[in-house]
Every structure is written in structure tokens, then in C-alpha cells.
Amino acid sequence: MRLTKLQNMLKEVDALFLSKPENIFYFSSFFSTSFMYLLIPREGTPFAVVSQLEFEEANNTVKGFSIIQAKKLEDFEKAFSKLQKDLKIKKLGFEEDFLTVNIKEKLEKNSKDTDFVHASPIIKKLRSIKSSSEIETIRKAAKIADEGVKKAIEIINPGVREYEVAAEAEYRMKKLGSSGASFETIVASGHRSAFPHASCSDRKLENGDLVIIDLGARYKNYCSDISRTHTVGSPNSKQEKLYQTVLDAQQKAIEIIRPGVKAKKIDEIARRLIKRGGYGDYFVHSFGHGIGIEVHEHPPISPNNKDAIEEGMVFTAEPGVYIPGFGGCRIEDMILVRENGYEVLTNSPRSLH
Ligand SMILES: [Mn+2]
């Protein structure tokens, strides 16, 4: 189904060469941790070149491909050059944002007359619209992340170190079937909460700290991503004002989500409210990002994205404010775009304390 859809979209190229494991998984259902490449012609059976290490497993999993075993990378070169001749490929699509120079040189060596055409946008677009089975898997990943956040918040107490909070949350998620974190868990407390991409340190939590927890679970090769901000002990009025502004910006922006709305419009609503709250200089990232097999994927929900969002897209809603020396606040949820609106996939309570 996905393959047929892709093949129907291949107008500009004779075939597509894929090397990115996430794209390969999307089309073949096999997530390679060795080397694996797909060659998908516009018509007819596609090919998968698989390393000897993973051959048995791939042979059992991958359907609809002609599978070629390569003992080493040189075998791949030979296999590819044969396919190249057999299929008479004049224009070859490739992932311009992923393919290594090393592999590209190997491809070029035997294809002097072949034009290489950028093909990443087609694949990103396809992957951004999730099927119902992908949505179910993402839903489960989101539920596991909710449990991870719950665990983290339970143990936020003075004297506990940031990495202990992260470890407990990840352990909880693994017990629920996650194969691991979908990115390095962030527990950023006190002054560190003002660093938008802090991971976690050995800092001990103190009374009065703002703590940003940002984590995700990987489940059956799909990712989740959620952030909550909490205080250790009771919040002060400045912290409360900050939290209310971010929450309001997030909620008001989420409310307009439905197919046809421009991504930049969603970002704009949140940005305007944060500016109105007096924090305009401190919202330094996009409102959100697509999520699926990768934690950050198409579409960006940013001031630059003029495209309309579509039914079946899943992305994050994560406004944040980071005030150096004071602290930060980010609230992040995962949103599924539905026919007439949206559904929030993460459901942890949104409260500062
Ligand atoms: Mn995120």
C-alpha cells in the first residue's frame, strides 16, 4: 500500500534509493541496525539489499521486495551496479539530507549517465500522514510517556538528583513495554530550567525550583514526546504567572487545530500570547514538530511553515519560555489532526504543583 502510493508518486525519477533506516522501516517494516538499502523503481518489484547479519530476520519480515544478501559493503556496490543496468535508471532519487558521501560515491562510480535527484521532500510528506495502525502505535507510545511523567512528578522532592528522576521515569516506561527513551530524557531544575535543551545533570532539586521534565518513549519503532513543568514545593507568584501564560498560549493555539489551518498560524497564536504576557524575547523555538518513527519529523509547526496541516498528521504543541537566571517553563503535548479538529494524545495533568 505505502509502496504503491510511493511508486505512483515517482514522476521525476526512474527509481528511488533509500538508505535512512527510518525510511526503510516505513516502506519495508524492517528496522535495520546494520546496513540496508532499498531500490524502488517506478514500476515493478522493489529491491532490498540486506547485510548478511540481518538477512534471515529481514527475509522473514520484509514482504513484496526482492531481497539481495550482501556479505560486505562491496557486494552492495556490485548488486547495485547490476540493478542499475537492468533497470536502465537514468534519474535516481536519493535522500539529500541523509545519504553519506561514501555511499553516494559508490553509487556514482557505476552510473556515469545517471542524474541524482533530491527526493527527501516526497518521503517526508508521505510519512507525515499517519495510517490508523501508526496512530494506534503512537497512541500507545504517548500513554507510556504519560506514565513516565507521572512517575517523575511523584518523586520530585528536595535532595533528589535530576538523573535519578530521569532513571525512575525511564524504568517505568521500560516496564510498560517501551524499548527505550525516544531521546535523552530532560530533567532541568532551578537555573538549568532556563536551558531549552538541557538533558539532565547531578544537580539536587531544591525547594522553590522550577523543574522541566521532557521525555518520550520509543514503542514498536514509534516515538512519543511530552513535557511538564513543576515546582519543588509551592510556586511563587512569578512562577505562577509564567506557567499560566505558557499554558494559555498552548491551549489557545491547540484550539484552532483542524485540517486546512496553516502551521504558521498555530505558532503565531502562541507566540502572540507569550509576547502579550511580557515573555516575547524568551520563546526561542518553534511551537512544535511532527513526530512518528522519528521524534522530530515533518511538519514543523513554525513561523516559516506556510503549509496547511492535514488530517492524520501528529505533531507536538510545546511553547516554552526560558528566562536566564530565573528559570523556564515548557508544556508539551502530542496532537493528532482529525477530520473536524484534533485529539490530544498525551493526557498527564497540566499543573505547576
Ligand atoms: Mn518535542
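User: At what angle do helix α9 and helix α10 pack?

Analyst: This is a predicted model, and in it α9 covers residues 237-255 while α10 covers residues 263-276. Their axes sit 8 Å apart. The packing angle comes out at about 155°.

User: Is α9 roughly parallel or roughly antiparallel to α10?

Analyst: The helices pack at an angle of about 155°. Angles over 145 degrees count as roughly antiparallel. So α9 is, relative to α10, roughly antiparallel.

User: And is the crossing of α9 and α10 left-handed or right-handed?

Analyst: Take the pair with axes 8 Å apart. The way α9 and α10 cross is right-handed.

User: Which residues of α10 does α9 meet, and how many residues of the contact are nonpolar?

Analyst: From α9 come Thr245, Asp248, Ala249, Gln250, Lys252 and Ala253. Facing them in α10 are Ile266, Ile269, Ala270, Leu273 and Ile274. Sorted by class, the contact of α9 with α10 has two charged residues, two polar ones and, for the nonpolar class, seven.

User: Zooming out, how far apart are the centres of domain 1 and domain 2?

Analyst: The chain splits into domain 1 (2-128) and domain 2 (132-344). Taking the centres over C-alpha atoms, the separation is 35 Å.

User: Which element gives the largest share of the side of domain 1 that touches domain 2?

Analyst: The contact uses eight residues from domain 1 and nine residues from domain 2. On the domain 1 side, α2 (21-28) and α6 (120-128) each bring at least two residues. The largest share is four residues, and that comes from α6.

User: How many residues on that side of domain 1 are charged?

Analyst: Domain 1 puts eight residues into the contact. By class, three of that side's residues are nonpolar and one is polar, while the charged count is four.

User: What is the bridge partner of alanine 188 in β9?

Analyst: β8 and β9 (residues 210-215) run antiparallel and are joined by four bridges. In β9, the partner of alanine 188 is isoleucine 212.

Note on methods:
Residues numbered from 1 in each chain as written. Predicted model: local features only at pLDDT ≥ 70, side-chain atom pairs only at ≥ 80, totals over all residues. Axes fitted to C-alpha atoms, helices over the stretch in contact; angles between N-to-C directions. Parallel < 35°, antiparallel > 145°, perpendicular 65-115°, else oblique. Left-handed = near helix turned anticlockwise from the far one by under 90°. Contact = placed C-beta atoms within 7 Å. Nonpolar A, V, L, I, M, F, W, Y, C, P; charged D, E, K, R; others polar. Domains from an automatic or database assignment. Pairing = 2+ DSSP bridges.
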